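Welcome! Take a moment to turn the model around on your screen. Then let's walk through it together, from the whole chain down to single residues.

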Amino acid sequence: MNTQAQAFRNLGIANPRVLRATSRQDVFQANADGLLDGITGVFMTGGDQMRLVSLLGGTEFAAKLRKMVRETPIVLAGTSAGAAGMSTSMIVRGESTSHPHKGAVQLSPGLGFLKNIIIDQHFTERGRISRLITAVSYNPYNLGIGIDENTAIILDGKGVLEVIGRGSVTIVDGSCITYNEIAEVAEHESFSICGVQMHILRDGLIYDYLKRHPLQPPQEFLLPDLG
């Protein structure tokens, strides 16, 4: 019995379906309609995002799932590599360095469910701020989102990102960068960058990922009136 399917049954999911695939042939041979028709949610597991994308990318299953995400209220979820692989551009490997340098990260096309967003996971625990800044510096059009362990983000499709969990989420916004020399340095050299905006959001905080600014928490912390 698939342990993840049983975990979803324990959560009250009546009929979880599993795409069992260790090769692209398995994905090609899978019944995409049978797996996806009538479902209300899809969960992508962790592991290796390059392996995940190289198996699913360009298949009928991935195309049908992408269409469902665009046109229906399906919930798409993922953990670790499953979250990282949702982006149009994803981090496939990189070093946890003390400062950003040009060779600190390798990017590759992802599955394209999240446009102009790069997700990094195990973020604070593995000291990945420098590599996320480097990833954003390659193309500041992308918004960097670093997610701690035991932490999640919920995106509603209309611009609202909410944080839940025990850790925090780090937002790296390069849209206001005024100076960026990443293209001018050698492969493994550090580089200068000015104007990066960073936000640290804990449980319950929300952020507009389309307009790129934090939103007022529902219960604002107020200083006492000292007047």
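Predicted model: local features only at pLDDT ≥ 70, side-chain atom pairs only at ≥ 80, totals over all residues.

## Reading the labels

## The whole chain

The protein chain contains seven helices and 14 strands. Its C-alpha trace spans about 60 × 55 × 30 Å along the principal axes. A compact globule of 227 residues would have a radius of gyration near 17 Å, and the 19 Å of this protein chain agrees with that.

Of those 227 residues, 41% count as buried. The chain exposes about 12800 Å², and carbon and sulfur atoms supply 53% of that area. Now look at the contacts between residues at least 6 apart in sequence: 66% of them join residues at least 24 apart.

## A sheet of four strands

Strands of a sheet pair through backbone hydrogen bonds, either parallel or antiparallel. In which order do the four strands of the open sheet stand? The order is β7-β8-β13-β14, and the pairing is antiparallel. Because β7 (151-155) and β14 each have a single partner strand, they stand at the edges, and one side of each is left without a neighbour in the sheet. On average, neighbouring strands of this sheet are turned by 30° against each other, direction ignored.

Let's zoom in on one pair. Strand β8, residues 160-165, runs antiparallel to β13, and three bridges join the two. Here you can find E162 standing opposite I206 of β13.

Is K211 buried or exposed? Its relative accessible area is 64%, and exposed means over 50%, so K211 is exposed. For a sense of distance, pick out V136: it lies 75 residues from K211 along the chain, and the C-alpha atoms of the two are separated by 17 Å.

## T170, tucked into a strand

T170 belongs to strand β9, which covers residues 169-173. Buried means under 20% relative accessible area, so T170, at 4%, counts as buried.

Which residues is T170 in contact with, leaving aside its neighbours within four places in sequence? They are F123, I129, L132, G144, I145, G146, M198, H199 and I200.

Conventions
Residues numbered from 1 in each chain as written. Heavy atoms only, no water. Buried < 20%, exposed > 50% of the residue type's maximum accessible area, 1.4 Å probe, protein only. Pairing = 2+ DSSP bridges. Axes fitted to C-alpha atoms, helices over the stretch in contact; angles between N-to-C directions. Contact = heavy atoms within 4.5 Å. Rg over C-alpha atoms; globule rule 2.2 N^0.38 Å. Areas by Shrake-Rupley, 256 points an atom, 1.4 Å probe, with all protein chains shown as cover.
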